[in-house]
Amino acid sequence: MTMNWIEANDICCYKFGKHIILYSPIARKYVVADQSDINAFIINGKYREVFSPLADYVPIEQQNRVRTPADYTLLTVLPNNTCNFTCTYCYSAAGRNGSVLDINKLKTAIDYFICSKPESFSKPLTVSFMGGGEPFLSWETVKEGILYAKEKAACKNLKINLKIITNGSILDEEKIRFIKEQGIEISVSFEIIERIQNNQRKHYNLVHDNIAKLVSAGIPVQINSTITPANVHLMEDMMNILVTHFPEIRNAMFEPVTAKEMFSSPIELQRFYDTYICGFIKARTIGDLHDVELTSFAYLRTIFPLMRACPGEYCITADGDITGCYCVATKNEKLFAKTAYGTIDNGGISFDIERFNTLIGNNIHSKEKCNDCKVKWNCGGGCFHLFNTYPEEYTEEVCEFTRKFVEAVVKYKVMKQFDSYNAVELPILLSEKI
């Protein structure tokens, strides 16, 4: 096995005690062995039969990718630009204009989303209602949109998943009953620790009690927590509280904040990310013990190889525009001109395909700095919104965070498998999936 083979397949090499981990970000597989065993495989020429799975993958260019707006399987709906919270880190607050989505524009967006699929199409579709603002402030629009989407999907015999992301403050018996009847998944933005919730979002008791009502009704709930400098060192505590207060909840997301104003310098961002990595792994360990799947966008990107950090969005804003990033909700935001590629008017949608192509063309192949980075397949060139929020000197720390986070997750997964093996049974341990 030569260095050329390792370089050609973007293989990462990590020290792991007396072992070496060879990890393929594209194949999402790894091999663990002693250095002496690796040398022996190289000398006797049998390395290919052991290490070839690391190069066994379908090239990204040949995988299913979004090439047109009709290819999306997720419709994101921003039903309004109003909110009853004033979260300290909100990415959309500055651009809000108080708009509420016209139901006819929403139906037009749903029509295109579902009816543009060919007859042979069989993948499940998802419609997700979220901010911009708080979706339950536009309950009638959300409810009618859900019923319309289900009706349209049924006509084409397509499975459709329904999701609502909410701050958890606006619930009553009628809403809970509808959510239960329609099989809607709910994600509640909640900081778990009372003083952190009250400092960053407010209304701890109200949200806590409403989560309890959803759980009692048998509704699947995911907790979405934003990790800031105020709670980055409390992630273990957050997970312990979550599994104690809500043992029925099986999914949580601890997402690091994107907010330039919270970090006075790149070194402050670096320290935050280093603390986050350590805290995430510890919290993930607790979650595993209690059958809670803890994720973040950075973690999810270690599961699937990416040419672009996200495939872009088919997202309808409260004004009836179509954007490629749900973080950009109104014309008041500086990134709107780069992300908006369509508009709904007079009962139809018009697309700016040139802008759409420019947007989705923003990937690892368009960024010179990605050329020599082995974990570019875990990153996809970085989140568009994040990389346009932070100055360049800050994004260097984002890249370094990705490299460190991938290594930490790989070692965590390997450690879990090591726990089920005796040292005698090594040297070679192959995982089919990271």
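Author: Happy to; the questions below go through this predicted model piece by piece.

Reader: Let's start with helix α5 (residues 139-155): how far does it reach from its first C-alpha to its last?

Author: Helix α5 has 17 residues. At 1.5 Å a residue, a span of 24 Å is expected. The computed reach is close to that, at 25 Å.

Reader: Which residue just after α5 takes a positive phi?

Author: The phi in question is about 55°, and it comes just after the helix. The residue is Asn157.

Reader: Are α5 and α6 roughly parallel or antiparallel to each other?

Author: The two helices pack at an angle of about 15°, with their axes 12 Å apart. Angles under 35 degrees count as roughly parallel. The pair is therefore roughly parallel.

Reader: And how many charged residues does the contact of α5 with α6 have?

Author: On the α5 side, the contact is made by Trp139, Lys143, Ile146, Leu147 and Lys150. Glu174, Lys175, Phe178 and Gln182 are the α6 side. By class there are 4 nonpolar residues and 1 polar, and the number of charged residues is 4.

Reader: Turning to α9 and α10, is their crossing left-handed or right-handed?

Author: Helix α9 (residues 235-245) and helix α10 (residues 266-289) pack at about 20°, with axes 8 Å apart. That angle is under 35 degrees, so the two are roughly parallel. As for the hand of the crossing, α9 passes α10 in one that is right-handed.

Reader: How many nonpolar residues does the contact of α9 with α10 have?

Author: From α9 come Met235, Glu236, Met239 and Asn240. They meet Tyr276, Gly279, Phe280, Lys282, Ala283, Ile286 and Gly287 of α10. Sorted by class, the contact has 3 polar and 2 charged residues, while the nonpolar count is 6.

Reader: Last one: is Ile316 buried or exposed?

Author: Ile316 is found in strand β11 (residues 314-316). Leaving aside neighbours within four places in sequence, its contacts include Leu75, Val77, Leu101, Leu106, Ile322 and Ile344. The relative accessible area of Ile316 is 0%, and because buried means under 20%, Ile316 is buried.

How values were computed: Residues numbered from 1 in each chain as written. Predicted model: local features only at pLDDT ≥ 70, side-chain atom pairs only at ≥ 80, totals over all residues. Heavy atoms only, no water. Helix = DSSP H or I, 4+ residues; strand = E, 2+ residues; numbered from the N terminus. Expected span 1.5 Å × (residues − 1). Axes fitted to C-alpha atoms, helices over the stretch in contact; angles between N-to-C directions. Parallel < 35°, antiparallel > 145°, perpendicular 65-115°, else oblique. Contact = heavy atoms within 4.5 Å. Nonpolar A, V, L, I, M, F, W, Y, C, P; charged D, E, K, R; others polar. Buried < 20%, exposed > 50% of the residue type's maximum accessible area, 1.4 Å probe, protein only. Left-handed = near helix turned anticlockwise from the far one by under 90°.
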